[in-house]
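Please find below a short note on the model under review.

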Amino acid sequence: MLVGRLARARATGPEEAGEFLQSLTNRAIDQLSNADVPVEERKKRFRTLFRDSFDLPAIGRFVLGRYGRSTPGPVLDKFLLTFEDVMVERFVPQFAGYGKTRFRIGSVHPVEDRDQYIVSSAITPPGKDTEVNIDWRVRHRDGNFRVLDVVGEGVSMALTLRAEYGSVLKSSGGDVEQLIALLKQRVQTQTSAAN
């Protein structure tokens, strides 16, 4: 029994959380930064990385806040698919030309929740000397690490989206379908602008 607990603790320690993030970042830069790869292929690759490495259901429920608790399952599923589309359109263009990005893991600290860690990192974009500090909140569950939040220069992606989406939901009386329609419209606008 003690051996099992020690093995589990060792398998989910700070070092492994840092290794997970280093691997994720290396794969993202390798697969998404080549501008010669067609945009649709880069979107497909990002979507796969996002699904494999981010806890989409947990992030989606968090950004919906209290409105997510009363949302029927099929509507929540539709929101998560649309939210994934938003992330693809938002982040794929940012990787173009990032092949020579320098990325380094800093400190890794356990969060009070025994399965979560804050992984500090520094990214130096190509041609720049200044590092951008990014903290990643990751969780180990069911044998895998998943990202829960990304905090760039002190700004939480999850909290920012929760405030933005909460404002839309509040003005629509908590209608998640209206939020989905708005997000789909934004995705369509971004896709059209990129073409």
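Which residues have the most contacts inside the largest nonpolar core?

1. Phe79, Phe83, Trp136, Val138 and Tyr165 have the most contacts inside that core, which holds 46 residues. A nonpolar core is a set of buried Ala, Val, Leu, Ile, Met, Phe, Trp, Tyr and Cys residues joined through side-chain atoms within 4.5 Å; buried means under 20% relative accessible area and exposed over 50% (1.4 Å probe, protein chains only). Helix α6 (residues 73-95) gives the most to this core, with ten residues.

2. The model is predicted: local features need pLDDT of at least 70, side-chain atom pairs count only at pLDDT 80 or more, and totals for chains, interfaces and linings use all residues. Numbering runs from 1 along each chain as its sequence is written, and side-chain values use heavy atoms, without hydrogens or water.

3. Beyond its neighbours within four places in sequence, Phe83 is in contact (heavy atoms within 4.5 Å) with Leu56, Ile59, Val63, Leu161 and Tyr165.

4. Leu161 and Tyr165 are among the buried residues of α7. Those buried residues fall within an arc of 165° seen down the helix axis (directions from the axis to the C-beta atoms), so they line one face of α7. The face turned away carries the exposed residues Leu159, Ala163, Lys170 and Ser171.

5. An open sheet of five strands has the order β1-β2-β3-β4-β5, paired antiparallel; strands (E, at least two residues) and helices (H or I, at least four) are DSSP runs numbered from the N terminus, and pairing requires at least two DSSP bridges. β1 (102-110) and β5 (155-156) each have a single partner strand, so one side of each lacks a neighbour in the sheet.
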